[in-house]
Amino acid sequence: HPPTGPGPLLVLVGPPGAGKSTVASALGVRCGLAVRDTDSDVERRAGKPISAIFVDDGEPAFRALERAAVADALAEHDGVLALGGGAVLDATTQELLAGYRDAGGTVVFLDVSLAHAAPRVGFNQSRPLLLGNPRAQWQALMDARRPVYEAVASMRVSTDGLRPAAVAELIHDQL
Ligand code: S3P
């Protein structure tokens, strides 16, 4: 556990469709840890779904809410923390994650291919950045972000073909 006080034991990062939320739940069950999710924190604070925040207020407003939610969760939460897929693009969040790793925390990059992410993200309208052509947009996001996911993470797990419980077990075994 990071010696600096409260803070998550594990932070999960990765693109939409990597299974961050479901793996976080599985880790919570397996390791007896509380689970928190920055997308849910942002929606609760804003009082509306992420898709509505994008439409009503725009992406920069969403990113500002997200930055604050990540900072608070990193400071307060003790357990598993799943970040929204784009949270790691923020410079302040990158610095917080670097400090968290320096203090002994683990940041896990859940890696996934388009073929395995697409069925999870392609069939609903809840992700504003993937409207239009979800497959092409997902791949463009992943190509641009992969270097960032790799840079912020201390562990990478390829999730293709694995159930959430199996991913949780892989992470647990590598801690
Ligand atoms: C986003 C991912 C979403 C959500 C928002 C933006 C992104 O979270 O935060 O729609 O930029 O990749 P998930 O990764 O949980 O889908």
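Which residues does Leu-83 touch, not counting residues up to four places away in sequence? The legends below work up to that view, starting with the whole protein.

**Figure 1. Welcome to the whole protein, a predicted model.** Local features here need pLDDT of at least 70 and side-chain atom pairs count only at pLDDT 80 or more, whereas totals for chains, interfaces and linings use all residues. Residues are numbered from 1 along each chain as its sequence is written. The protein has eight helices and five strands, where helices (H or I, at least four residues) and strands (E, at least two) are DSSP runs numbered from the N terminus. Along the sequence they follow the pattern β-α-β-α-α-α-β-α-β-α-α-β-α. The C-alpha atoms fill a box of roughly 45 × 35 × 30 Å, taken along the principal axes.

**Figure 2. Leu-83 sits in the largest nonpolar core.** To answer the opening question, Leu-83 touches Val-11, Leu-12, Val-13, Thr-38, Val-70 and Val-88, leaving aside residues up to four places away in sequence. Touching, or contact, means that the C-beta atoms of two residues, placed from the backbone, lie within 7 Å. Of the 44 residues in this core, Val-11, Leu-12, Val-13, Leu-83 and Val-108 touch the most other members. Helix H4 (residues 59–76) gives the largest share of the core, five residues. A nonpolar core is a set of buried Ala, Val, Leu, Ile, Met, Phe, Trp, Tyr and Cys residues joined through C-beta atoms within 7 Å. A residue is buried if 20 or more other C-beta atoms lie within 10 Å of its own, exposed if 12 or fewer, and partly exposed in between, with C-beta atoms placed from the backbone. In the protein, 38% of the 175 residues count as buried.

**Figure 3. Here are the residues around the ligand.** They are Pro-16, Lys-20, Asp-39, Ile-50, Gly-84, Gly-85, Gly-86, Arg-127, Pro-128 and Leu-129, each with its C-beta atom, placed from the backbone, within 6 Å of the ligand. By class, this shell has four nonpolar, three polar and three charged residues.

**Figure 4. Ala-18 and Ser-21 are among the residues that UniProt annotates as "binding site".** The annotation comes from an unreviewed entry and also covers Gly-17, Gly-19, Lys-20, Thr-22 and Arg-127; such annotations may be inferred rather than shown by experiment. Ala-18 is in the loop between strand S1 (10–13) and H1. This residue is buried, because 28 other C-beta atoms lie within 10 Å. Beyond its neighbours within four places in sequence, Ala-18 is in contact with Leu-110, Val-112, Ala-117 and Thr-159. Ser-21 belongs to helix H1 (residues 20–31). With 16 other C-beta atoms within 10 Å, Ser-21 is partly exposed. Not counting residues up to four places away in sequence, Ser-21 touches Asp-37 and Ala-82.

Figure 5. Look for Arg-127 in the loop between helix H6 (114–121) and helix H7 (134–152). Arg-127 counts as buried because it has 21 C-beta neighbours inside 10 Å. Its contacts are Pro-16 and Val-121, leaving out residues up to four places away in sequence.

Technical notes: Ala, Val, Leu, Ile, Met, Phe, Trp, Tyr, Cys and Pro count as nonpolar, Asp, Glu, Lys and Arg as charged, and the others, Gly among them, as polar.
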